[in-house]
Amino acid sequence: MNASASQYPCGMLGIRHIALFIKELEKSVDFYTRVMGMQIEWQPDADNVYLTNGGDVFALHRVDYEPQAQQRLDHIGFVLKTAEDVDNWYAYFVKNKVKITEAPKTHRDGSHGFYCLDPVGYLLELIYHPPISRQLSNLSNL
């Protein structure tokens with residue numbers, strides 16, 4: 001059943017929190033802080049770290065086992081303001097020897113992005129998606 005948008009409560013801004021199971025927590029924290037520029041928002045103990053970029057909460061939880069396949073994500077998307085920002089991040093990641101899995105390309109819908117792997121194998125997408133990028137840019141200007 002497809003409900004009309006007017007039937008849903010207001011206030012949805014999108015996905016702002018993701019949590020991952022991580023075996024190599026320190027390696028991941030180093031990548032997301034040093035290479036991606038996120039900050040540690042809260043670290044309640046040695047096995048849990050909550051990172052932020054000012055708008056999102058990205059939780060990393062240490063585990064000592066391999067998560068089941070159904071617990072794995074396809075990829076994590078980081079929305080950028082412009083297509084040029086995508087190309088700048090791509091060049092920055094190449095310079096920092098981040099493993100690129102798909103070079104930047106522009107899609108029929110006008111989005112522009114690329115894929116890479118973080119140091120423990122999670123697939124990341126850095127993307128300019130016109131409707132989302134405009135909405136988030138407008139919110140940051142409020």
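**From the core out to the sheet**

Let's start inside: the largest nonpolar core has 25 residues, and Phe 31, Tyr 32, Phe 58, Leu 60, Phe 93, Leu 124 and Leu 126 touch the most other members. A nonpolar core here is a set of buried Ala, Val, Leu, Ile, Met, Phe, Trp, Tyr and Cys residues joined through side-chain atoms within 4.5 Å, with buried meaning under 20% relative accessible area (1.4 Å probe, protein chains only). Two or more residues each come from β1 (17-22), α1 (25-35), β3 (48-52), β4 (57-62), β5, α2, β7 and β8. Helix α1 gives the largest share, five residues. Helices (H or I, at least four residues) and strands (E, at least two) are DSSP runs, numbered from the N terminus.

Keep in mind that this is a predicted model: local features need pLDDT of at least 70, side-chain atom pairs count only at pLDDT 80 or more, and totals for chains, interfaces and linings use all residues. Residues are numbered from 1 along each chain as its sequence is written, and side-chain values use heavy atoms, leaving out hydrogens and water.

Now zoom in on Phe 93. Leaving aside residues up to four places away in sequence, Phe 93 touches Phe 31, Val 35, Met 36, Val 98, Ile 100, Phe 114, Cys 116 and Leu 126; contact means heavy atoms within 4.5 Å.

On to the sheet. Four strands make an open, mixed sheet in the order β5-β8-β7-β6, where pairing takes at least two DSSP bridges between two strands. At the edges, β5 (76-79) and β6 (100-106) each pair on one side only. Strands β7 (residues 112-117) and β8 (residues 123-128) pair antiparallel over six bridges, and Phe 114 sits opposite Leu 126 in β8. Helix α2 (residues 83-95) packs on this sheet, touching β6, β7 and β8, with its direction at about 25° to that of β7. Axes are lines fitted to C-alpha atoms, for helices over the stretch in contact, and angles run from 0 to 180 degrees between N-to-C directions.

Technical notes: Buried means under 20% relative accessible area, exposed over 50%, partly exposed in between (1.4 Å probe, protein chains only).
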